[in-house]
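Dear colleague,

Please find below the structure for your review. My findings follow directly after it.

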Amino acid sequence: MPLPFLTADRAHDEDAAAGADPLGYEDRDRWRRPYRPGPWRVGGAALLLLLASYVLFSAMIIAMAGSLPAAGICAAVGALMIVTAVRLVRIGVEVSAQGLRRIGLVRSTTVRWQDVAAIRTVQQPVRWLGLPRTVQGQAVLLESVRGGAPDTVLTTHGADFLGHAESFERAADAIEGWAAAHR
């Protein structure tokens, strides 16, 4: 007996079948990620949180042994690992009526829609999971009205889309849709 449950993909399929708005958001002024974090990103953050739990547990053991400065250092390292894991999950692209925001591990940049000349999907060599090794894939490029080299927004071989070509296509279409609606 199948047990039905509502998933994000099922809701997306039902909306697509009903002909709903591809942007599909009531509050367009709120920053939203047009895709879900990928399994590589979530898995890396989960492993970092697991390691942080071991570090915090060792800080507790060190504190009970009587070395409070060493326990404080271990607790600080554990807290830093937790903050890094949360930031790791937040890395990506968000869109709103104001523009496109690229969130990195350390800093975020926002580009207003008025400053965007074009957003397009191209076939080109892309970095595999952000490492120096390049493979052939697709990338969403953002061209500024000021000119210069286009910036890569998303790739098929990033931590969010590796092995999930359909998710990349949906995210690229959503970002291009936001750009077309707000430029």
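How many residues lie between strand 1 and strand 2 in the hairpin that they form? The two strands of this hairpin have 3 residues between them.

Some conventions come first. This is a predicted model, in which local features need pLDDT of at least 70 and side-chain atom pairs count only at pLDDT 80 or more, while totals for chains, interfaces and linings use all residues. Residues are numbered from 1 along each chain as its sequence is written, and side-chain values use heavy atoms, with hydrogens and water left out. Helices (H or I, at least four residues) and strands (E, at least two) are DSSP runs, numbered from the N terminus.

The hairpin

Strand 1 covers residues 92-95, and strand 2 covers residues 99-103. Their pairing (DSSP must find at least two bridges between two strands) is antiparallel, over 4 bridges. Within it, Val 93 is placed opposite Arg 102 of strand 2. Gly 92 and Glu 94 point to one side of strand 1, whereas Val 93 and Val 95 point the other way; all are buried. Buried means under 20% relative accessible area, exposed over 50%, and partly exposed in between, with a 1.4 Å probe and protein chains only.

The helix pair

Helix 2 (residues 39-65) and helix 3 (residues 68-90) have axes that come within 8 Å and cross at roughly 165 degrees. This makes helix 2 roughly antiparallel to helix 3 (under 35 degrees is roughly parallel, over 145 roughly antiparallel, 65 to 115 roughly perpendicular and the rest oblique). Axes are lines fitted to C-alpha atoms, for helices over the stretch in contact, and angles run from 0 to 180 degrees between N-to-C directions.

The aromatic cluster

Tyr 35, Phe 161 and Phe 168 form one aromatic cluster, and the structure holds 2 aromatic pairs. Rings of Phe, Tyr and Trp (its six-membered ring) pair if their centres lie within 6.5 Å; planes under 30 degrees apart are stacked, over 60 edge-to-face and the rest tilted. The rings of Tyr 35 and Phe 161 have centres 4.9 Å apart and planes at 55 degrees, so this pair is tilted. Tyr 35 lies in the loop between helix 1 and helix 2, and Phe 161 in the loop between strand 6 and helix 4, 126 residues apart. Phe 161 also pairs with Phe 168: the centres are 5.6 Å apart and the planes at 80 degrees, so that pair is edge-to-face. Tyr 35 is buried at a relative accessible area of 8%, and Phe 161 at 4%; Phe 168 is buried too.

Yours sincerely
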